[in-house]
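Dear colleague,

I am passing on the structure we spoke about, together with notes on what was found in it. Please read them beside the model.

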Amino acid sequence: MPRANNDPRALRSRAAALTAATELLTEGGPERVTHAAVAERAGMGRATVYRHWPDVPSLLLDTLAIGAHPVLTLDDGPLHDQLVTQMQQQADWLNQPVSASVIATVIERAERDDDIRGIREEMFGRADERFTDALTAAVARGELRPGTEKHARELISHILGPLLFQRFMLGAHLGRDTVADTVDAALAPWQPGT
């Protein structure tokens, strides 16, 4: 991990290096993210990149971390509306080329790297904790049947799974109608009276 440095020049060079590393990750995967390639792309010396990240794994970790987006950050508002809004924001990110590189790298490397596993947990693993709280609140408001909150992981899988499949396996662009239809289909079995 990089050392903390609040010098404006260091902050600018770090930001430029991370932008370059993200571009390289998008263009060619994690193998393209090297000190030399980042330095060349960012127009800086390799020593500058090494000062921020002494090794390639720490450089890649920070590159992935800035590209990672947590799945859900819900509040106490109406669940359906929040899910559509948040899943559309997620879909907007998934529609960008960098998302495929970030997700593929995180999934592949999380199997053997604890730091990358932490990024995966931030992106996907903790969603069910936050989602359980939101489901509990939705049940209390009468939006969903009692007991729905016990199925948080299943429910988020029925929303995010189809979106990931459509985007990365079918190459579909995820628009608002696709997102809203996916949320509706996932919530339908949990509506009161069903």
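This is a predicted model: local features need pLDDT of at least 70, side-chain atom pairs count only at pLDDT 80 or more; totals for chains, interfaces and linings use all residues.

Leaving aside residues up to four places away in sequence, Phe131 touches Leu72, Leu74, Leu79, Leu83, Ala152, Leu155 and Ile156, where contact means heavy atoms within 4.5 Å. Buried here means under 20% relative accessible area, exposed over 50%, and partly exposed in between, with a 1.4 Å probe and protein chains only.

As for the conventions, residues are numbered from 1 along each chain as its sequence is written, and side-chain values use heavy atoms, with hydrogens and water left out. Local features need pLDDT of at least 70 and side-chain atom pairs count only at pLDDT 80 or more, whereas totals for chains, interfaces and linings use all residues.

The protein has ten helices and zero strands; helices (H or I, at least four residues) and strands (E, at least two) are DSSP runs, numbered from the N terminus. Buried residues make up 43% of its 194 residues, and the C-alpha trace spans about 65 × 35 × 30 Å along its principal axes.

Helix 1 covers residues 8–28 and reaches 30 Å from its first C-alpha to its last, close to the 30 Å expected at 1.5 Å a residue, that expectation being 1.5 Å times one less than the number of residues. At its start, a side-chain oxygen of Asp7 comes to within 2.7 Å of the backbone nitrogen of Arg9, and just after the helix Gly29 takes a positive phi of about 85°. The buried residues of helix 1 include Ala10, Ser13, Ala17 and Leu18.

Glu23 also lies in helix 1, but counts as partly exposed at 35% relative accessibility, and its side chain makes a polar contact of 3.1 Å with the side chain of Arg41. A polar contact is a pair of N or O atoms within 3.5 Å; within protein, one must be able to donate a hydrogen and the other to accept it, and residues adjacent in sequence count only if both atoms are side-chain atoms.

Asp62, in helix 4 (residues 56–67), is buried, with a relative accessible area of 8%. Its side chain makes polar contacts with the side chains of Arg14, at 3.3 Å, and Trp53, at 2.7 Å.
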